[in-house]
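Colleague: I am new to this one. Could you walk me through how to read its features?
Modeller: Gladly. Open it up and ask as you go.

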Amino acid sequence: MEGLVALCAARLLQQEKEIKSLNAEIDQLKNRVCLETSPNLEHLREENLKLKYRLNILRKSLQAERSRPTKNMININSRLQEVFGCAIKAAYPDLENPPLLVTPSQQPKFGDYQCNSAMGICQMLKAKEQKVNPREIAENITKHIPNNEYIEKTEIAGPGFINIHLRKDFVSEQLSNLLVNGVHLPALGENKKVIVDFSSPNIAKEMHVGHLRSTIIGESMSRLFEFAGYDVLRINHVGDWGTQFGMLIAHLQDKFPDYLTVSPPIGDLQAFYKESKKRFDTEEEFKKRAYQCVVLLQSKSPDIIKAWKLICDVSRQGFVQVDDGRKIVFVPGCSIPLTIVKSDGGYTYDTSDLAAIKQRLFEEKADMIIYVVDSGQALHFQAIFAAAQMIGWYDPKVTRVFHAGFGVVLGEDKKKFKTRSGETVRLVDLLEEGLKRSMDKLKEKERDKVLTAEELQAAQTSVAYGCIKYADLSHNRLNDYIFSFDKMLDDRGNTAAYLLYAFTRIRSIARLANIDEEMLQKAARETKIILDHEKEWKLGRCILRFPEILQKILDDLFLHTLCDYIYELATTFTEFYDSCYCVEKDRQTGKVLKVNMWRMLLCEAVAAVMSKGFDILGIKPVQRM
């Protein structure tokens, strides 16, 4: 529905541009005695009226659809942008693409969100020689805000900032919805496929610390896209092309048995490949022969090598040039060409990555491809993507192909992370060291005296692996970061250790008050969440920002934003818990005197969102720590 509205609005905007252009032409003809109306103009006006009618119907349908109860959390920032987008369009209908800036407020005195579009609109009007004060523009925008369920009031501050105050009953209802139905997003990626290429270990070698960042970042991105409703295909690209050639050669032998003497008329290699793949999947005997062809290819059997070269010849495009025995492709905007075949007949990463992107676009039919590879490969991927576009394999306006680069892991000496003897750190050794240090930390806090052996082991694993993952993900992926177990295991500040302890403490509040899950669910359905205290209000708004945080990460793929948000949520909860009694007890006996159930529900909402955040980051909290 939203897509149809956007498409219709875009068509309407284009038509209005054309009408303005034609009107301008007519104005230039004012010296003529008899002015004839352009038939094209009349046709456009008729179409324009129809489009406006259809757009209005679609918008009403969208509004009706949104007014129906939903089990999903809503993106409040996105909804406010729609409201102010409509207001700006109504206030300034002649402006093309006016700025739309709605952000959360940094201070409570400036409301809950701010619309900062007035200053940008002022600049646009000045360019049209219209002198208007930004504050007047802000006032005009607020007059055109349509009826909605989100906004309590607006205020204009400073030169033209519009402070937005949310309705408390709206926030309360959204929190109740979260508690009753769980933490869910709308299916943003419904019927869309995303491929995430990450980790990519060398199958002939052991994994080491260099694989750490790609594996952690790539897996978390995959979890995020899955939560948003995408069909996710995780790929570890190890360059295994043998089976595909084995299939093609076996099929070539069957279809063109005289290929050694007569050049086979293969016009469409894509169709030829699909035929061979179908046989490989359905004919057991053919599959065996395909594998035999791989063995013969690798042993350089002359007949099989001839077949292989024939297939390679078919696959080559006119973009290939020969340079000193090499076969290369020059890509626009790149100073160094891609090497498709080396002078000795061998292949390069350029070859395999071009083959991989083609397979992912045409066979996997990906809507999005993300390469989680270190930033040192940025120019390589820039060339690969540019070549794929030049050949016509994909349109960046339709398919998103993105290199999510990252920095390197440094030791505490700020040099590339190595062992004391200067060797690469094995990943298994790193993880075992993490487990040892995690147990030492737990024993230092005397958790071994209160936890069972099973609980202690679960806490050890949770803290060790959680701290290693979080330390990576909490840094901007483009930056290098220093690997330090001491900092990772510190239970103060923005660390997994602090957040895991905080999460366990939040989960224990209801248990210590003898409130079970059934009682909480009943309260979620029947108890209104009160947000009168400033700390209740701050916490409630923070909880509901979760969908807009995830949308930002889906757009820019910076996962540290989620880590920052979870830390902000935990510290905001601490402020709330210190100021607002959830459970009131007798100071002498410890007996529970009163339970403020709406505050208990806020605790549960925080825990639910933190739990989903941990899940996306690949962190597994335990019940007791």
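Colleague: Let me start with one side chain. Is Phe483 buried or exposed?
Modeller: Keep in mind that this is a predicted model. Buried means under 20% relative accessible area. Phe483 has 4% relative accessibility, so it counts as buried.

Colleague: Which ring is paired with Phe483, and how do I read the geometry?
Modeller: Look at the ring centres, then at the planes. Planes under 30 degrees apart count as stacked. The centres of Phe417 and Phe483 are 5.1 Å apart and the planes meet at 25°, so this pair is stacked. Phe417 is buried too, at 17% relative accessible area.

Colleague: What does the pair of Phe417 and Phe483 tie together?
Modeller: Parts that are 66 residues apart in sequence. Phe417 is in the loop between strand S12 and helix H14, while Phe483 is in the loop between strand S13 and helix H16.

Colleague: How many aromatic pairs are there in the whole structure?
Modeller: A search finds 15. One of them joins Phe573 and Phe576, with centres 5.8 Å apart and 50° between the planes, which makes it tilted. These two are three residues apart in helix H21, so about one helical turn separates them. Elsewhere, Tyr371, Phe381 and Phe385 form one aromatic cluster.

Colleague: Where does a charged end sit over a ring?
Modeller: The charged end of Lys168 sits over Trp537, 5.8 Å from the ring centre. Lys287 does likewise over the ring of Phe280, at 5.2 Å.

Colleague: Now helices. What span should H22 have, and what does the model give?
Modeller: Count residues, then compare the ends. H22 covers residues 597-617, and its 21 residues should span 30 Å at 1.5 Å a residue. The end C-alpha atoms are 30 Å apart, so the two agree. In H22, 17 of the 21 residues are buried, so the helix is largely enclosed by the rest of the structure. Gly618 follows, with a positive phi near 80°.

Colleague: How many residues of H7 are buried?
Modeller: 12 of 16, so H7 is also largely enclosed. Among them are Leu212, Ile216, Met221 and Phe227. Just after H7, Gly229 has a positive phi of about 95°.

Colleague: Last, a sheet. What is the strand order in the open sheet of three strands?
Modeller: S7-S8-S9, paired antiparallel. S7 and S9 are at the edges with a single partner strand each, so one side of each has no neighbour in the sheet. The twist averages 45° from one strand to the next. Three bridges join S7 to S8, and Gln321 has Ile328 in S8 as its bridge partner.

Methods:
Residues are numbered from 1 along each chain as its sequence is written. This is a predicted model: local features need pLDDT of at least 70, side-chain atom pairs count only at pLDDT 80 or more; totals for chains, interfaces and linings use all residues. Side-chain values use heavy atoms; hydrogens and water are left out. Buried means under 20% relative accessible area, exposed over 50%, partly exposed in between (1.4 Å probe, protein chains only). Helices (H or I, at least four residues) and strands (E, at least two) are DSSP runs, numbered from the N terminus. Two strands pair if DSSP finds at least two bridges between them. Axes are lines fitted to C-alpha atoms, for helices over the stretch in contact, and angles run from 0 to 180 degrees between N-to-C directions. The expected span of a helix is 1.5 Å times one less than its number of residues. Rings of Phe, Tyr and Trp (its six-membered ring) pair if their centres lie within 6.5 Å; planes under 30 degrees apart count as stacked, over 60 as edge-to-face and the rest as tilted. A charge sits over a ring if NZ of Lys or CZ of Arg is within 6 Å of the ring centre and within 35 degrees of the ring normal.
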